[in-house]
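Here are a few notes to go with the model, written as a colleague might jot them down. Have a look at the fold and the ligand site as you read.

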Amino acid sequence: MLKNVIVTGGAGFIGGRVVQSLLHLGVDPVVIDHNRAQLEVESYLGGIEDPNSWTPLEGRSFDAIIHLAARTSVLKSVEDPHDVYLSNVAGSECVLEFARRNGIPSVVFASTNAAVGNTDDGIITETSPLRPLTPYGSTKAAAEMLASAYHNSYGIATAMLRLTNVYGPTMWNKDSIIPRLFRFARGKGSFSIYGDGEQVRDFVYVDDVARTFIELAERRTTTVVSYGSGSSLSVKALVQLTSKISGVKLEPNHIAPQAGEMSGVTISLQRSTELGLTTTVDLEEGLARTWDDFLRHEAG
Ligand SMILES: NC(=O)c1ccc[n+]([C@@H]2O[C@H](COP(=O)([O-])OP(=O)(O)OC[C@H]3O[C@@H](n4cnc5c(N)ncnc54)[C@H](O)[C@@H]3O)[C@@H](O)[C@H]2O)c1
């Protein structure tokens, strides 16, 4: 049973949901983030790559760290690779060092299929070679390597959850595809399809992701596992589904493919299934919930 858990990035989209789920389970979350946590929990403002951010927590006992803090914009990582390196690689090293110094037995780390990049047969598995296309993907691959070393050298359980595209309530201001489509449906902002729109993506609901992070922390598992719905759909099909759910016929224009854009994301669920890490919310239901939340937020 978990008693107290550090959540880096606990003020973010996934982190907020992890914190909420921990509270429901009676676990005490402690948040470290640049931003203030959405819920009233013990929080420390600061960068994870800054050793001073960790000072107030030195010497205390924790069951696990759920490590979510990261610069997450792929496009910004191409513009400023050093900044993303500091948060995602140097920052992850500080997380692992804190765990080592303080005898924390488990670190669960938010990785991404972008650490893998494109594969020869189009299917992403945990044994696919790591050939990231962007600085963002490479920082996640590098942090995975650090985590592997901290497991093998110091015995810390390190679980790396390679997430696909996470969506769900409270993602109002994010720049990922679903909130951008939603804003477009409400006449706010532009939306263009890169290339022909046949590139496939996998979407996973945030509550499934939050539950899985906590489950891996509880189990003190060491693994690398891809986690998503396992059923990909094209960007064009996502636009159609959003039209259906919003009741707004969306007809985005097409522009040239962007550098660093993955040609397709289809993951194998073999390992996640073996580990019993399932998903429970299908895309149509999850998208409808997310749209309702989006409208409620807009209405204030
Ligand atoms: N959302 C997705 O689709 C997705 C997919 C794959 C992986 N991930 C990973 O999951 C994690 C959480 O993603 P999210 O969507 O909730 O992102 P988010 O941007 O909503 O949240 C990230 C949080 O980390 C904080 N943060 C960033 N750099 C920091 C630093 N150096 N020190 C302290 N705090 C810092 C931010 O303030 C923010 O609150 C990230 O590691 C991301 O790479 C997300």
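Which element gives the most to the shell around the ligand? Strand S5 does, with 3 residues.

1. Ground rules. This is a predicted model, where local features need pLDDT of at least 70, side-chain atom pairs count only at pLDDT 80 or more, and totals for chains, interfaces and linings use all residues. Residues are numbered from 1 along each chain as its sequence is written, and side-chain values use heavy atoms, with hydrogens and water left out.

2. The sheet. You'll see 7 strands in an open, parallel sheet, ordered S3-S2-S1-S4-S5-S7-S12. Strands here are DSSP runs of E with at least two residues, helices are runs of H or I with at least four, both numbered from the N terminus, and two strands pair if DSSP finds at least two bridges between them. S3 (42-45) and S12 (223-227) are the edge strands, each pairing on one side only.

3. S7 (residues 157-163) runs parallel to S12 and is joined to it by 5 bridges. Ala159 stands opposite Thr223 of S12.

4. A helix on the sheet. H5 (residues 135-154) packs on the sheet and touches S5 (106-112), S7 and S12; contact means heavy atoms within 4.5 Å. The direction of H5 makes about 155 degrees with that of S5, using lines fitted to C-alpha atoms (for helices over the stretch in contact) and angles from 0 to 180 degrees between N-to-C directions.

5. Who surrounds the ligand? The shell has 27 residues, the closest being Asp33, Leu68, Tyr136, Lys140 and Val166; a residue counts if one of its heavy atoms lies within 4 Å. Helix H1 (13-24), S5, H5 and strand S8 (165-167) are the elements that give two or more residues to this shell.

6. Polar contacts (pairs of N or O atoms within 3.5 Å). Tyr136 has a polar side-chain atom 2.6 Å from a ligand oxygen. For Lys140, a side-chain N or O atom is 2.7 Å from an oxygen atom of the ligand. On the Glu49 side chain, an N or O atom sits 2.8 Å from a ligand nitrogen.

How values were computed: A polar contact is a pair of N or O atoms within 3.5 Å; within protein, one must be able to donate a hydrogen and the other to accept it, and residues adjacent in sequence count only if both atoms are side-chain atoms.
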